[in-house]
Every structure is written in C-alpha cells, then in structure tokens.
Amino acid sequence: MDFLYELTIAGLLSLKEYVALHVITCLIPAFLLAGAMVTFISRETIIYYLGATANKVRSFALASGGSFFVAACSCTVIPVSSGLYYAGAGVGAAFIILWVAPASNILAIVYTGALLGSKMVIVRIVSALSMAFVVGFVMSYFFHKEELGRTFSGFVPKGERVIGKKEAVLLILIVATLLAPNYLVQKGPYLHKVYVWAIGMLITFLYAKKAIQKEMIKRWLEETWWFVKIILPLLLIGVFIVGVIGKILPQKWVETYLGGTSVFSSWFATVIGQIMYFATMTEAPFVHKMLSLGMGKGPALALLLTGPGMSLPNILAIIKVFGLKKGIVYTLLIMVLGTFVGWFTGNYVF
Amino acid sequence: MRKIEILGMGCAKCNELEARARKAVEELKIEAEVKKVTDMKVISGYGVFVTPAIAIDGVVKAAGRVVSVDEIKEWLK
C-alpha cells in the first residue's frame with residue numbers, strides 16, 4: 001500500500017514539474033502557435049509546390065522545411081504524406097514528411113526547449129533534417145523503378161500564397177511571446193517571466209483584433225482548442241507514467257543499457273523509440289527523467305527523434321498505406337540512422 | 001437525394017465533421033446520405049491532401065478544417 005502511495009506521489013510530482021510549471025509561459029503560447037499554423041498557413045499550397053517540383057534536392061529541401069508547417073503533430077502526418085504519394089509525388093518527399101513532421105514538429109520542439117535546453121533542441125532539429133535527406137535519397141534509390149512514369153496530378157490551390165503578410169506577423173508575435181520570457185528573464189523569480197509573457201500575449205491579441213478578420217480569429221482559437229483537447233489528456237497521462245517509471249526503474253539498469261556513448265545504448269534507445277508509443281510532447285519529459293537516471297545524451301537524442309515519429313501501431317499503418325516493402329525499408333533505415341545519430345552526437349557533439 | 005462525403009482516414013476531426021454534417025441534414029430536414037471515405041487513394045483522387053475534407057455531390061467544398069454546421073447548411077441549400 002505504501003508503495004502504491006509513493007508511486008502516486010511520484011506521478012503527481014512529475015505532473016507538477018513537467019506540466020504545471022510550464023502551462024503559462026510554454027504550453028499556452030505553443031498551442032496557440034500550432035493552432036495559428038493550421039489556420040493561417042495554406043498547407044495545400046506547400047504540398048502543391050512540393051509535389052510539382054521535379055528536382056530532387058529542391059523537393060527534399062521543400063519537404064523538410066515544409067514539414068514544420070504541414071503537420072503540427074504526428075497525428076495528421078500519415079494522411080498528408082500518403083495523400084502526397086498517391087497524388088503522384090516522389091516517394092522520397094513523401095517519406096521525408098513522414099519523418100520530419102513528427103521528429104521535429106513545432107509543439108515538441110517548443111516543449112523540448114523548455115525542458116531540455118536550447119542545445120538539445122538545435123541538435124534535434126539539425127539531426128532530424130540531416131536524417132530527412134538520407135531518408136529521401138535511400139527511399140528514392142530503393143524504389144526508383146516505380147518512380148518512373150509517376151506524374152504529379154494534384155490540383156492547383158486557389159490562393160497561391162503560402163501565408164498572408166498580416167498572418168505572418170501574427171505568427172512572429174506568437175513566437176516572440178514564446179521565446180521572450182525565457183531569453184529576457186534568465187534569472188530571477190518565475191513571476192517575472194509571467195510578466196513578460198503577459199505583455200507578449202497582450203500585444204499579440206491586440207494585433208490580432210486589429211489586423212485579422214473576426215471569423216479567422218475564431219477559427220484560430222477553435223484549432224488551438226482542438227490541439228489542447230487532443231494532446232493535453234495524453235500529455236497528462238504520459239507525464240504521470242513518466243513519474244512512476246522514474247520511481248520504479250533501477251538507476252543501475254538505465255546506466256548499463258542506456259548510459260554512455262556506446263553504439264549499443266544508442267541502438268537500444270532507438271528501438272525503444274521506434275516500438276513504444278509516445279504521444280506528441282511526452283517524449284521530452286520521459287527523456288528528461290531518463291537523463292536524470294543516467295541515460296547518455298546521444299541515446300537521449302535518438303529517443304527524442306524516434307519516440308514521437310514511430311511506434312508499433314504507426315509502423316503497421318505505414319505498411320498498410322505504403323506497402324510492406326517500403327514500410328520495412330523505412331523502419332530499418334530509421335533504426336540505422338537513429339543509432340548512428342545517437343552514437344555520433346554522443347561522442348562528438350555533446 | 002444529396003450525397004455528402006466526409007473524406008478522412010478516421011481521426012477525431014473527421015468524426016466531428018461527420019457529426020456536424022448529420023446535424024446540418026437533420027436541421028434542414030432534407031434527404032441526404034452522409035458517407036465516410038477512408039481510402040486514401042479515393043481521397044487523393046479528389047485532389048485533397050489535408051483532411052478532414054467535405055464533398056457535396058462529388059464537389060470538394062472545404063479541406064483541412066472542421067467546417068461549421070451553418071456552412072454545411074449553406075452549401076446544401
């Protein structure tokens with residue numbers, strides 16, 4: 001009974017540390033940003049350009065960059081990438097989206113920064129993008145035969161612009177609100193951060209009220225609420241479990257299998273990430289807890305990358321949509337790349 | 001009879017959109033079939049990448065967002 005009580009306390013402490021302390025200055029602006037991206041950025045236009053670009057390097061760059069805006073969480077990525085593929089776009093670009101969108105989506109990036117610091121975020125983004133190019137080239141190399149004769153047949157979107165000027169300013173204001181509290185208030189009480197945050201929010205909403213149509217503001221807040229409704233419950237459950245795992249997992253075990261910078265640690269972290277289901281954002285507190293138990297930074301990065309991007313159900317869905325062969329090549333490829341990136345960054349970057 | 005198709009691979013938003021479409025049909029008191037399309041090949045045949053999308057009588061009306069009941073009613077009139 002005492003043990004159960006201790007576990008509950010560990011879960012609740014974890015909720016306090018990873019969620020409650022981050023609600024105001026991190027989670028609220030992050031969700032508002034995700035909502036704004038979905039509302040104001042024309043994903044159809046990005047995808048159209050992507051599909052219609054014949055040049056490989058260019059379409060890979062577009063796919064990697066565009067992924068940040070196309071899917072704000074891993075939940076919407078399979079339909080987008082398979083839609084692109086069935087419309088006739090290259091298999092490389094389709095799999096790049098499948099990889100980059102969850103591995104470095106905006107919500108996860110923001111949250112990783114809040115919990116694990118800016119260095120980890122930068123390495124996470126750079127690794128995700130470099131891996132994306134390899135994924136693109138390997139997938140097009142293996143399946144180049146069926147690439148022949150495919151032509152893109154996507155419809156031309158109505159508005160050609162990716163985003164309007166006023167809407168872009170709004171997005172920048174939200175990003176500023178997100179970053180300012182942490183960069184302007186490096187030391188001092190948490191309350192000071194809240195002040196900076198409040199000023200940022202006030203400016204953002206005053207601008208929105210003045211520059212953006214009422215109907216679009218409503219749609220933006222609706223989309224934001226959707227993200228909160230879908231992601232927050234999973235995050236709360238996930239973070240509670242993280243606390244419990246941190247309590248029962250022997251430190252020795254973590255140090256032995258996930259510690260240091262060995263190839264095995266990175267491989268093991270990658271495989272855990274590929275098989276286990278992490279709801280978007282929950283990978284960050286999980287990795288933070290594992291780091292405190294002695295996980296190496298390289299393996300931590302491998303887990304951050306593969307955790308939200310892949311899971312057993314996700315692999316099965318990919319096989320169902322793209323076929324067995326592509327699903328297996330992609331899964332093995334990510335395993336090799338994840339292990340390499342974990343080992344490499346563990347030894348030479350961190 | 002009108003035909004409303006909800007395009008999407010079965011996400012929370014698609015279910016919400018389907019519910020709203022049914023509500024719109026009910027409020028207008030018209031005969032209409034609400035059908036879910038989950039096959040990605042068919043969906044991209046409509047030129048839709050960003051789900052959920054709604055098509056009325058074979059014409060895509062909106063993609064990538066959950067439209068309101070009023071909007072659906074407007075299209076059905």
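**Group meeting: a predicted two-chain complex**

Let me start with one residue: Ile275(A) sits in helix H14 of chain A, residues 263-275. Helices here are DSSP runs of H or I with at least four residues, strands are E runs with at least two, and both are numbered from the N terminus. Before going on, some housekeeping. This is a predicted model, in which local features need pLDDT of at least 70 and side-chain atom pairs count only at pLDDT 80 or more, while totals for chains, interfaces and linings use all residues. Residues are numbered from 1 along each chain as its sequence is written, and chains are lettered from A and ligands numbered from 1 in the order in which they are written.

Back to Ile275(A). Leaving out residues up to four places away in sequence, Ile275(A) touches Ser311(A) and Leu312(A). A contact means that the C-beta atoms, placed from the backbone, lie within 7 Å. Thr112(A) is 163 residues from Ile275(A) in sequence, and their C-alpha atoms are 21 Å apart.

Staying in chain A, let's look at the core. The largest nonpolar core has 121 residues, and those touching the most other members are Ala30(A), Leu84(A), Ile96(A), Ile97(A) and Tyr111(A). Such a core is a set of buried Ala, Val, Leu, Ile, Met, Phe, Trp, Tyr and Cys residues joined through C-beta atoms within 7 Å. Tyr111(A) touches Cys26(A), Ala30(A), Met281(A) and Ala284(A), again not counting residues up to four places away in sequence.

Now to where the chains meet. The contact takes 18 residues from chain A and 16 from chain B. On the chain A side, helices H3 (43-52), H5 (77-86) and H12 (214-248) each supply at least two residues. H5(A) gives the most, with seven residues. By class, that side has 12 nonpolar, three polar and three charged residues. Here Ala, Val, Leu, Ile, Met, Phe, Trp, Tyr, Cys and Pro count as nonpolar, Asp, Glu, Lys and Arg as charged, and the others, Gly among them, as polar. For the complex, the predictor gives an ipTM of 0.74 and a pTM of 0.87.

Within chain B, confidence is highest in strand E1 (residues 2-7), at a mean of 93, and lowest in helix H2 (residues 40-45), at 80.

What is the order of the four strands in the open sheet of chain B? It is E2-E1-E3-E4, with mixed pairing. Strands count as paired if DSSP finds at least two bridges between them. E2 (32-37) and E4 of chain B are at the edges with a single partner strand each, so one side of each has no neighbour in the sheet. From one strand to the next, the twist averages 20°. Helix H1 (residues 12-28) of chain B packs on this sheet, touching E1, E2 and E3, and its direction makes about 175° with that of E2(B). Those axes are lines fitted to C-alpha atoms, for helices over the stretch in contact, and angles run from 0 to 180 degrees between N-to-C directions.

Ile6(B) has Ile54(B) as its bridge partner, and Glu5(B) stands opposite Ala55(B). Ala55(B) also stands opposite Val60(B) in E4(B). Four bridges join E3 (residues 53-56) to E4 (residues 59-63) of chain B, and these two run antiparallel.

Finally, two loops. E3(B) and E4(B) form a hairpin with two residues between them, and Asp57(B) in the turn has a positive phi of about 50°. Asp57(B) is partly exposed, with 13 other C-beta atoms within 10 Å. Lys29(B), in the loop between H1 and E2 of chain B, has a phi near 55°, also positive in a residue other than glycine. Lys29(B) counts as exposed because it has 6 C-beta neighbours inside 10 Å. Thanks, everyone!

Conventions. pLDDT is the predictor's confidence in each residue, from 0 to 100. Two residues are in contact if their C-beta atoms, placed from the backbone, lie within 7 Å. A residue is buried if 20 or more other C-beta atoms lie within 10 Å of its own, exposed if 12 or fewer, and partly exposed in between; C-beta atoms are placed from the backbone.
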